[in-house]
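Open your viewer and get ready to click around.

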Amino acid sequence: MGPVDKTSTPMSEEAHMQFHHHGYVSGDPRTQPAAGVGLDRPDELPDEVDVLIVGSGPAGMIAAAQLSQFPDITTRIVERRGARLEIGQADGIQARSVETFQAFGFAGRIIDEAYRITEMSFWRPDPDDPSRIVRGERPPDDPAGISEFPHLIVNQARVLDYFAEFMASSPARMKPDYGYEFRGLEVAGEGEHPVTVTLVRTAGEDAGQEKVVRAKYVLGADGAHSGVRHSIGCTMKGDQAFHAWGVMDVLAVTDFPDIRTKCAIQSGSGGNILHIPREGGYLFRMYVDLGEVNPDDRGAVRRTTIEQIIAKANEILHPYTLDVRNVAWHSVYEVAHRVTDRFDDVPLEEIGTRNPRVFIAGDACHTHSAKAGQGMNVSMQDGFNLGWKLGYVLSGRSPESLLATYSAERQVIAQQLIDFDKEWSTLMAKRPEEFADPAELADFYVRTAEFPSGFMTQYPPSMLVAEPTHQGLATGFPVGKRFKSARVVRVADANPLHLGHQHRADGRWRVYAFADAAAPGEPSALTDWAEWMASSPDSPVLAHTPEGAERDSVLEVKVVFQQGHGDVDISRVPELFLPRSGPFQLVDYEKVFAAHPEEDIFDVRGLDRAGCVVVVRPDQYVAAVLPLDATAELAAFFRQHLLVTNRQPVA
């Protein structure tokens, strides 16, 4: 499969919302009906909560957004600032993050306002005159078609705005509690709310006053200097690179020809620039190499002025010039590569003896250079990983032991990030003459593209990830990696769309049945599987859907047939795939799909023509691949992490 055209994905292939099933909706359908704690949400921060999130950065906001879909759970997110973030330091949005935004319903809108990276220019000293820079390679950003989603640049503050909008429109009607600074916490061994958190007001008439909140669980998403991390005794391990960079977001006039293209620039003087155009057509960011830092510097390099950063940039860009007209933001930082020993409050020697109560995510767990564009992206996957797990435990769907999988899964990913960033930032800091091949930097960028894009993550077998025993049935859906979408056609309305784009961040598991070759309604492995799922007491749909809840409220089951959509008689499709919805028990026709005529998912994703089942977690990672007749194995997998709540046959 060749490179994917990311510039013209038809809107018909995007996800859309379902509504009217509870009655006619005339307003914005993105605003879900209030429910649970959202019916009468107090403005004031309560004394007792189920989950307290400290910090409204990307990790905290995505966790809160996911928890906002669990309206019977009291979640509050506190932030030291008195209001929303106006300008963020992070700006790179990798394709995996855009894929995640799709699940939260705002990928299309953020793509429209973002800068889209399509290629990267590598500049180096002119061999004939090393005082001048010349353009070298211009590789495409994603030559292998890793994702149908683009690589974006957009202000971090806008990402947070979209998550805030999602939360406010959710059943829980959640919004951040601004003006609270974390001061400390204590974890008691017992009680319904065993974590006592001390906060201090930083804004408003009561600034300076203490506020004590008791919580069942706490998430510290409070940055690199995390107070929550310090409170639970986690230690950051790693090293300082003793190399400084000045970073600036500026508006400028220049004769540099690639000012609207992402660039890695190496000069004959030894200085380097990572240049990143920003959204809006005029703004750009430059990471300007300030050189080695003496270990005894004691922070002096951080007093480098913006004028000095601009002068250094002009030196590196010679013979081109940079006339800066406005500085939106600037900073100086030293590269450090550090990761915590654990992501929760259970000491390593006590793992398996008790369940965690306090968690940390994002920069509180891992710090590194900004030049690989990983910080915000990896942080959001931390929060996405934990959010639904807290929701499942607190809503009684899963045992508390589920929460131990967060640290186990994400700590390994953070270490991989640190290892990758060390290699990339070391290459970025090298002098041109230190490269054996002038194209070495560009080659590394292309060769390792899958990792920074966010698609190398692969969770190992656990209570949430099955052994890849049957991986051969679906070679394009590796167990433990994210579900890589492909095109299908929805049978009911003949709409071509991406199967994975329908996976909303609503906390549900997805179970995809890829049919064998028989036509719908004919005796087949799929028909037998659907009958078992609908009627067997061991069916995960029956066992784990609470009594009185809609059939697909925990496990959303979908089917993809091998035939074209015109050859699928929807009246003969098993009832399992046509569930009833809402108080009027309307038929949901949007779970039945057929192969796309130009891009057969069975071929594109290596699916066995004898059929198979692919199970996908709420955070979009493939949890299991099984044969259609492995019903006992399917039931056993779900019982590892879901509690039995119902035993009634599906009506």
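Rings of Phe, Tyr and Trp (its six-membered ring) count as a pair if their centres lie within 6.5 Å; planes under 30 degrees apart are stacked, over 60 edge-to-face and the rest tilted. By that rule, the structure holds 27 aromatic pairs.

Select W509 and F638 to see one of them: this pair is edge-to-face, with 5.5 Å centre to centre and 75 degrees between the planes. Now colour by helix and strand (DSSP runs numbered from the N terminus: helices are H or I with at least four residues, strands are E with at least two). W509 sits in strand 21 (residues 509-514) and F638 in helix 14 (residues 631-639), so the pair links parts of the chain 129 residues apart.

Are W509 and F638 buried or exposed? Buried means under 20% relative accessible area, exposed over 50%, and partly exposed in between (1.4 Å probe, protein chains only). W509 is buried at 0%, and F638 is buried at 0% too.

Next, select F101, F104, F106, Y162, F163, F166 and F384: ring pairs link them into a cluster.

Now show everything. You'll find 14 helices and 27 strands. The C-alpha trace spans about 75 × 60 × 50 Å along its principal axes, and buried residues make up 57% of the 651 residues.

A note on what you're looking at: this is a predicted model, where local features need pLDDT of at least 70, side-chain atom pairs count only at pLDDT 80 or more, and totals for chains, interfaces and linings use all residues. Residues are numbered from 1 along each chain as its sequence is written, and side-chain values use heavy atoms, leaving out hydrogens and water.
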